[in-house]
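Let's take a look at one helix and the packing around it, and then at the nonpolar cores. Here is the model to follow along with.

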Amino acid sequence: MTPPADAADFLDTHGWAGAAIAPLAGDASFRRYFRVSDGGRRAVLMDAPPPHENPRPFVDVACWLHERGFAAPAILAADLDRGLVLLEDFGDVRMRETVDADPARGEALYAEAIDLLVALHKHEAGPLRPYNRAELDREAGLLVDWYCPAVGLDVDSSDYREAWASAFDLVADTQHPVTVLRDYHAENLMLIEGGGLGLLDFQDALAGHRAYDLVSLLQDARRDVEPEIEAAMLARYCAETGAGDDFVAAYRVLGAQRNAKIIGIFTRLWKRDGKPRYAAMCPRVWRYLEADLAVPELASVKAWFDANVPPARRGNPMEIGTR
């Protein structure tokens with residue numbers, strides 16, 4: 001990755017003249033990240049170029065989180081018109097690699113991540129768009145829009161959406177929404193110096209159901225979360241908040257919805273955007289989806305999948321599409 005052409009000018013303007021700029025990461029969007037070094041100082045430059053990206057939601061949510069004591073990166077400088085934001089650098093130690101290298105630390109780190117959500121959910125939702133039925137329906141539809149055609153399936157999308165209708169009654173238009181970060185998982189949680197977890201990738205936050213970010217964490221599309229960890233952490237959240245059976249049912253509904261969405265998005269990233277590594281993650285997401293579909297609240301959705309997507313057509317779309 002090469003830095004944006006106006007990065008040096010932006011850094012000069014904000015007191016980082018002559019700083020070194022090195023590639024740090026890209027992601028599934030048009031956003032790119034660079035590490036900025038100037039002697040003993042370090043920061044992260046986010047390049048979120050308009051019109052493809054709008055960095056303002058990230059800045060707004062970061063400030064909202066900071067005001068409530070959560071570790072989102074401090075905003076050091078911003079030029080929103082150019083899509084450039086200079087952020088506090090949380091370092092390189094992610095929860096993902098830490099747990100993969102030392103599985104014995106997994107339970108404690110997942111417990112810390114659950115406790116962070118418990119604390120976040122004590123606050124009313126920020127000034128965000130609602131994560132309502134229309135949005136849930138649109139996202140679930142990505143599976144039939146992208147995955148099904150990619151694996152040679154011609155399905156009726158109206159039947160698909162009708163199957164979801166009663167399940168969405170359990171989770172849509174909640175009366176007490178919380179801030180839903182939406183990509184709350186091990187690759188977006190940093191182990192920051194001095195202790196605690198740092199938050200990343202929350203620019204798509206919405207006001208919605210408190211079970212959603214648990215699903216994002218415990219049914220992680222990018223790494224296998226052991227069923228024992230999932231069960232223990234779900235129980236931990238319920239014990240800390242008093243959530244009961246209705247919450248667990250909502251967790252499964254949102255799990256199925258999110259996993260259907262991700263299968264569609266990962267297929268789109270392969271087909272449209274030329275990023276095949278995402279298609280290879282789909283088998284894991286299918287396993288999560290099939291586990292969620294086993295609950296009674298999703299009987300109509302499971303029946304649709306049983307009738308329309310045979311087991312042999314569930315997996316990596318890049319492989320299945322060539323059979």
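Which helices do the buried residues of helix 9 pack against? In this predicted model, they pack against helix 4 (106-120), helix 8 (212-218) and helix 10 (245-271).

As for helix 9 itself, residues 227-241 make up its 15 residues, and from first C-alpha to last it reaches 21 Å, close to the 21 Å expected at 1.5 Å a residue. Looking down the axis of helix 9, you'd find its buried residues within an arc of 165°, so they line one face of the helix.

| Side of helix 9 | Residues |
|---|---|
| Buried | I229, E230, M233, L234, Y237 and C238 |
| Exposed, on the face turned away from the buried side | E228 and A239 |

Just past the end of helix 9 comes G242, with a positive phi of about 80°.

Now for the cores. The largest nonpolar core has 94 residues, and L65, L143 and F305 are the ones that touch the most other members. Helix 10 supplies the largest share of this core, at 11 residues. Helix 10 is also one of the helices that the buried residues of helix 9 pack against.

What is L143 in contact with, leaving aside its neighbours within four places in sequence? The list runs to C148, Y160, A260, I263, G264, W286 and F305.

Conventions:
Residues are numbered from 1 along each chain as its sequence is written. This is a predicted model: local features need pLDDT of at least 70, side-chain atom pairs count only at pLDDT 80 or more; totals for chains, interfaces and linings use all residues. Side-chain values use heavy atoms; hydrogens and water are left out. Helices (H or I, at least four residues) and strands (E, at least two) are DSSP runs, numbered from the N terminus. The expected span of a helix is 1.5 Å times one less than its number of residues. Buried means under 20% relative accessible area, exposed over 50%, partly exposed in between (1.4 Å probe, protein chains only). The arc is that of the directions from the helix axis to the C-beta atoms. Contact means heavy atoms within 4.5 Å. A nonpolar core is a set of buried Ala, Val, Leu, Ile, Met, Phe, Trp, Tyr and Cys residues joined through side-chain atoms within 4.5 Å.
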